[in-house]
Amino acid sequence: MSDHIYKHIQLTGSSTESIEDAVRKAIERAGKTVKNMRWFQVVDTRGHIEDARVMHWQVTIEVGFTLDG
């Protein structure tokens, strides 16, 4: 097995549906420009409230990807 070197970035996704949807949206959008993504870790979860109802979720994730070369 070869050694792997990872670079990390933080992304924040949002969704009116769920935490999982916010994560999915962040990863899918980043996937348009960031290659070789391998893992993610949720580092923060928060939401927006209006009239005592959750209106949307925001989830910050750290994403690791391998470097080319």
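Visitor: Leaving aside neighbours within four places in sequence, what is Ala30 in contact with?

Guide: In this predicted model, Ala30 is in contact with Leu11 and Met37, and the word is used because heavy atoms lie within 4.5 Å.

Visitor: What makes up the largest nonpolar core?

Guide: Ten residues make up this core, namely Leu11, Ala22, Val23, Ala26, Ala30, Val34, Val59, Ile61, Val63 and Phe65; helix 1 and strand 3 each supply at least two residues of it. They are called a core because buried residues of nonpolar kinds are joined through side-chain atoms within 4.5 Å. In soluble globular proteins, nonpolar side chains tend to be buried together.

Visitor: Which residues of helix 1 are buried, and what do they pack against?

Guide: Asp21, Ala22, Val23, Ala26 and Ala30 are buried in helix 1, which means that each has under 20% relative accessible area. The buried residues of this helix pack against strand 1 (6–15), strand 2 (37–50) and strand 3 (53–66).

Visitor: Why does the length of helix 1 agree with what a helix should span?

Guide: At 1.5 Å a residue, its twelve residues, 19–30, should span 16 Å, and because the end C-alpha atoms are 17 Å apart, the two values agree.

Visitor: What makes Ser18 a cap of helix 1?

Guide: A side-chain oxygen of Ser18 lies 3.0 Å from the backbone nitrogen of Asp21, at the N-terminal end of the helix; the pair counts as a polar contact because the cut-off is 3.5 Å.

Visitor: How do you know that strand 2 and strand 3 pair?

Guide: Twelve bridges join these antiparallel strands, and at least two are needed, so they pair. In one of the bridges, Gly47 has Trp57 of strand 3 as its partner.

Conventions: Residues numbered from 1 in each chain as written. Predicted model: local features only at pLDDT ≥ 70, side-chain atom pairs only at ≥ 80, totals over all residues. Heavy atoms only, no water. Helix = DSSP H or I, 4+ residues; strand = E, 2+ residues; numbered from the N terminus. Expected span 1.5 Å × (residues − 1). Buried < 20%, exposed > 50% of the residue type's maximum accessible area, 1.4 Å probe, protein only. Polar contact = N/O pair within 3.5 Å; in protein donor to acceptor, adjacent residues only side chain to side chain.
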